[in-house]
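Open your viewer and colour the chains separately. We will go from a sheet to a helix, then across to a pair of helices.

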Amino acid sequence: MSPQRSPRMRLAALAAATAAISLTVAACSGGSPQGAATFDPEAQTTITWWTGQADQAETILEGLAADFEKLHPNVKVDISSGAPSTDELLQKLSAGFAGGTYPDVSYAYGSWASELQGSKRTLDITDQVAEPDVKWDEFPAAARQTAQPGGGSTIGFPAVVDNLTLIYNTTVFDAAGVDYPTADWTWDDFREAAKKLTDPSTNTYGYGYSVSGSEETTWQFWPHLWQNGGEILSEDQKTATFDSDAGVKGLTLLRDMAVDDKSIYLDQTDTKAAQLFASDRIGMITSGPWTLYDLQTAKTSYGVVPLPGTDGNHESVSGPDLWVLFDHKDANREHWSYELTKWLTSAEQDIRWNVAYGNLPLRTSEVQSPEFLAQVEALPGLDVMAANMVNSKHARPTVKGYVQLSEAVGSAISEVLQGQGEPADALTQAAATATDALGG
Amino acid sequence: MASTTAGVRRRSALLPQAHAPRAATRPGSRKERRRAGIQGWGFVAPALLIVLGLSIFPAVWAFWLSLQSWDGFSTPTWVGLGNYQAMVTDAALRDAVGHTILYTVLFVPASVLLGMALALLLNRTLPLIGVYRTAIFVPFVASAAATGILTTYLFNPQFGLANTVLRALHLPQQGWLEDPSQAMVVITLMSLWGQAAFTTVIYLAALQDIPVELLEAARIDGANRWQSFWHVTFPQLAPVTVFVTVWQVIGAIQLFDLVYTTTRGGPLDATQTIVYYLWQTAFKSLEFGYASAVAYGLFAVTLVITGGVVLYSRRAKVEAF
């Protein structure tokens, strides 16, 4: 038995505990003081910047932040990676919104753009970026569209751009005596080569494709759809239209390769195909700049060409990431966040960041810079990828509901490639699910 | 009978406070008692804050969320019981429940029987018995992430050790983790490898609690080894069996980590368990409201199972809890 105590006493204790907790919660959510209503160029201002980067990339950005502080002595840039991995930034931002402590500038995957815009905490810089000195048009079209989800407000600057190209393993091609891919390959050439490269006795495959059902599965499919003249969504962005003949044709090619030819290594994990390619077990993958560094490390002998085409259309897909700007109702912070990202994404600074790190240059004007040419020496094929940016004509949709759409398409592709279901039926079913998500 | 079992001993270990308050109940003035009360709250306050802040508050918030539709960013919309209604017709959730039941049915009996068998083998005086016991227990200490990575190496259809062995024996190659009909079995095998150690240790402790006199008496009465196991040892282990079964069932229906590190729910969603599904719904599809509703559904099921077993064991006079 515990000591008896009057009910009033217990209530008082409970109230005290509740008060303590509410105080703690209030302290955590930290109500910031009223922000400046008008911009004061001399005011001491601190802006928070979540980079989503680690290691060398983070070091480069920290150096740039220090330079920015030198240029503007009254501005302090509080820079950190924000989360242990880029993936986790989304949760961090969501929690930050709930607690009221979100950054001024954050890295974000392009696929988060519509959700971030939906939070109503992003800035709209549409008017500012129209100024000629921003040279907004130098950014790839897909990146510009992603920064302006749904065609509404512009929520930030492009941060990193990429696209899919065809990377081939010359060791595997030589062993099978197959001619290397060229820039004007068709998908039929591609299929034929993949078939010749495949050798069950040595566990060698012609091509690797992810069947995890994630966005990796899905976005690899979009070039097939677009090259055949299809669209992901209808004009009004309310209906999924990827189950058109164009989509069925694209998926049928992949199905025939996977099921009939058995020339595709079906990767359940999103990562194993690249590793098998690096160790000469897969002849071709369709991937982007991030793969080149690993291939260098593994000393894989490779070549890069644009994706195979349909009737001369070699359209690819791009997954641009963003620097998103957030509103704190403070004119000073707003001004300097904008200035920081504008400065960072200018050609001069981008050479020191994206190019130095081995990403593709953000702007077309950087492609001829000596810094980029030096990177091409170190990572052969980077120049093909930079030039291939012109083949990223469509942007992936930035509508609410894309996440569910991606999941539905990813599952449909995985099923068909693993021999369950027919392309047309699977896509029709996925389109119905996706349309549901877009409407709701 | 049951007074010597681990279950009851565990319970009595929780009861020292039965003696402690005697000092506090000394007759004293109202003021003194009040001071003692405040002191008491002072002592429990830090723990209380942690429990309220990290367990109760998220639980209440998750329930609140389960009544809303929320993507983590925009303003939540109130849907009442809509999320719970959606669960009824959700085919993917139904599949996930099926996969979880399959795993539970494969895993729980196997881990309980294997644990009992290993414990019986280890409950004897052998040279190097400490080494054997340690060897059995080591996999339990390994993290699920490490186990998962090991699994993907062992059971890779093209390059894994399992298929290499089959090849050497001229047996047909298997798809293992990449075959929808085998993946769950492989995951069960790997979790048994880690989890059987837990049941073994519990059974070992219970076996060492069985009074030697009982076994000696049985032997004098002419019981052979099987008879003394079946009529003496096994009944003595009943409370522990109920305990580990419930414990393993609760663990099994919450399977997530091994799936996350090996198949990510694939191939073709064949290993998508309830918890994996809810994680994916919340953090990949950003449907926090619906995922919270699924979590509460799972909570209700767990509660019913536990409550049912506790009631049953009380009625059957097997004191496991």
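Two strands pair if DSSP finds at least two bridges between them; helices (H or I, at least four residues) and strands (E, at least two) are DSSP runs, numbered from the N terminus. This is a predicted model, in which local features need pLDDT of at least 70, side-chain atom pairs count only at pLDDT 80 or more, and totals for chains, interfaces and linings use all residues. Residues are numbered from 1 along each chain as its sequence is written, while chains are lettered from A and ligands numbered from 1 in the order in which they are written.

**Stop 1: the sheet.** Select Gly156(A) and you will find it opposite Val324(A) in E10(A). Now show E4(A) with strand E10 (residues 321-325) of chain A: they pair in the antiparallel sense over four bridges. Widen the view to the open sheet of five strands, ordered E2-E1-E3-E10-E4 (chain A), with mixed pairing. At its edges are strand E2 (75-80) and strand E4 (156-160) of chain A, each pairing on one side only.

**Stop 2: a helix with a buried side.** Which residues are buried in helix H8 (residues 187-197) of chain A? Select Trp187(A), Phe190(A), Arg191(A), Ala193(A), Ala194(A) and Leu197(A); buried means that 20 or more other C-beta atoms, placed from the backbone, lie within 10 Å of a residue's own. These residues lie on the same side of H8(A), because they cover an arc of only 165° around the axis, taken from the directions from the helix axis to the C-beta atoms.

**Stop 3: chain B.** Show Ile136(B), Phe137(B), Pro139(B) and Phe140(B) in H5(B); they meet residues of H8(B), among them Trp193(B) and Phe198(B), where contact means C-beta atoms, placed from the backbone, within 7 Å.

Terms used:
Buried ≥ 20, exposed ≤ 12 C-beta atoms within 10 Å, placed from the backbone. Contact = placed C-beta atoms within 7 Å.
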